[in-house]
Amino acid sequence: MAFRSVFGTFLPVLALGTVALATSAFAATPTSGTLAPVASSATTWTGSASAATNGESTCVDGTNCDVYTLDLTGTTAQYVGKFVTINLKWSVSADEYDIYVHQGGLTGPVVASATQGPLLGQQSVTLSPSVTGAGIYTIHIVASNVSPNDPYNGVASVGTTPPPPPTPKFKAPTYQNLHSPPGIGDKSGEPSIGANWISGNIMTNAVLQTIRVSFNTTTSPATPTWLLVNSPITSTTSLDPILFTDSMTGRTFVSQLSGTTSLAAFTDNDGGTYTPSQGGGIASGVDHQTVGGGPFKACTALQAQANPVPCAALQARGPVTSYPHAFYYASQDIGTAQMALSQDGGLTFDAAKPMYTINQCGGLHGHVKVGWDGTVFLPNKNCNG
């Protein structure tokens, strides 16, 4: 059963503001090529994309993923001492095309992949056919982060130079269990946590306390510093605490449920100063509040051409201040749950809109999450069974 949201009709796992994708002309030209077990044997092709996707598992061939079939002729033994290099290049360095090479068709195993970037302007993988065998390989090109009209050029060639050993991009991760000092976070019922990717600080809450954790990474393990950074608005009373940090912008939103709205404020300097917020939208619910945020949902040029009316409505719901992202506040009122949109970075909220009724879903929902493309998700454990 469908029902209404801030943006339109959606299903119990919410995807707000989704519009139908227009079919693009994302296709390799030509669609296949052949290599012989001879050094300098090569084949080329071109392609482009008008939309991006979040990895190979979610792409749609012909829309934001491309398929090129490569036939390695000869026998496996003839490729001893030879290697096949597959290279993609494009113009806009901020874009990223990824490569997945399947043995056989697309359902075959992935024998090589390249997902580095962006800011590289190219992607490359090397096969060892003497190990994996001659025959058919399917090159899956995934538009991971691509601007419209930024085509790529593909080259597959046979050589005798082995690929260099991989170099790790990052240090091996380490893990610590960190405990707050006495007087900070002693009573931490229903805590929230957020990471500011700009400052490197962690923001968390313990009922009425808002806490900033910074780290000295010159020591191993890193040394934490705990500091109370309470806002006067959110440190007096609460029926339900929540904290959310927009990792990309560094803005942290702190809210304490208070009747049918919330006592809320946000900070852009990890609790150094706060700006009061309206709270969460008129007629918000009385329990289990949640706050989330991320990019506004937008249409690609092709989507806007095919669906001008819904795309114009999405465009009208973009930011109204210099803050680039949307904030969402949701809560449930016994059965009916509602969500409100903020277009000014959490300063004010539109009137809350029903997400579902008690006849459609259970009252208690999960927490708002916003995807990389602006799609908004809110899970619920029980909708019509």
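Me: Ok, what kind of model is it, and how are residues numbered?
Reply: This is a predicted model, where local features need pLDDT of at least 70, side-chain atom pairs count only at pLDDT 80 or more, and totals for chains, interfaces and linings use all residues. Residues are numbered from 1 along each chain as its sequence is written, and side-chain values use heavy atoms, with hydrogens and water left out.

Me: How many helices and strands are there in the chain?
Reply: You'll find 3 helices and 25 strands. Those are DSSP runs numbered from the N terminus: helices are H or I with at least four residues, strands are E with at least two.

Me: What share of the residues is buried?
Reply: 45% of the 385 residues count as buried. Buried means under 20% relative accessible area, exposed means over 50%, and partly exposed is in between (1.4 Å probe, protein chains only).

Me: What about contacts between residues at least 6 apart in sequence?
Reply: Of those, 65% join residues at least 24 apart. Contact here means heavy atoms within 4.5 Å.

Me: Let's do sheets. In what order do the strands of the open sheet come?
Reply: The order is β4-β11-β6-β9, so that's 4 strands, and the pairing is antiparallel. Two strands pair if DSSP finds at least two bridges between them.

Me: Which strands stand at the edges?
Reply: β4 (42-47) and β9 (122-127) do. Each has a single partner strand, so one side of each is left without a neighbour in the sheet. The twist averages 15° from one strand to the next. For angles like that, axes are lines fitted to C-alpha atoms (for helices over the stretch in contact), and angles run from 0 to 180 degrees between N-to-C directions.

Me: Tell me about β6. How many bridges join it to β11?
Reply: 8 bridges join β6 (residues 83-90) to β11 (residues 152-159). In that pairing, Leu88 sits opposite Gly154 and Val84 opposite Val158. β6 also has 6 bridges to β9, again antiparallel, and there Thr85 has Thr126 as its bridge partner.

Me: Is β6 enclosed or open, and why?
Reply: Largely enclosed by the rest of the structure, because 6 of the 8 residues of β6 are buried.

Me: New topic: loops. Where is Asp95, and is it buried or exposed?
Reply: Asp95 is in the loop between β6 and β7 (96-103). It counts as buried, at 3% relative accessibility. Not counting residues up to four places away in sequence, Asp95 touches several others, including Trp90, Pro118 and Asp150.

Me: And Val229, where's that?
Reply: Val229 is in the loop between β15 (223-228) and β16 (241-245). It's buried too, at 6% relative accessibility. The C-alpha atoms of Val229 and Ile211 are separated by 5.6 Å, though the two are 18 residues apart along the chain. Leaving aside neighbours within four places in sequence, Val229 has contacts that include Met203, Ile211 and Tyr274.

Me: How many salt bridges does a search of the whole structure find?
Reply: 2. A salt bridge is a side-chain nitrogen of Lys or Arg within 4 Å of a carboxyl oxygen of Asp or Glu. Side chains of opposite charge can pair when their charged atoms come close.

Me: Which side chains meet in them?
Reply: Asp268 meets Arg251 at 2.7 Å, N to O. Asp268 is in the loop between β18 (261-267) and β19, while Arg251 is in the loop between β16 and β17 (252-258), 17 residues apart. Asp268 is partly exposed at 48% relative accessibility, whereas Arg251 is buried at 9%. Then Asp373 meets Lys297 at 3.3 Å, N to O, and those two are 76 residues apart. Asp373 is partly exposed at 29%, and Lys297 is buried at 12%.

Me: Last one: which residues make the nonpolar surface patch?
Reply: Val286, Ile334 and Ile358 make it, and it's about 300 Å². Patches are made of residues with over 30% relative accessible area and no salt bridge; like charges are joined within 9 Å, nonpolar side chains (Val, Leu, Ile, Met, Phe, Trp, Tyr) within 5 Å. Val286 is in the loop between β19 (275-277) and β20 (287-295), and counts as partly exposed at 32% relative accessibility.

Methods: Accessible areas come from the Shrake-Rupley method with a 1.4 Å probe; for residues, only the protein chains shown count as cover.
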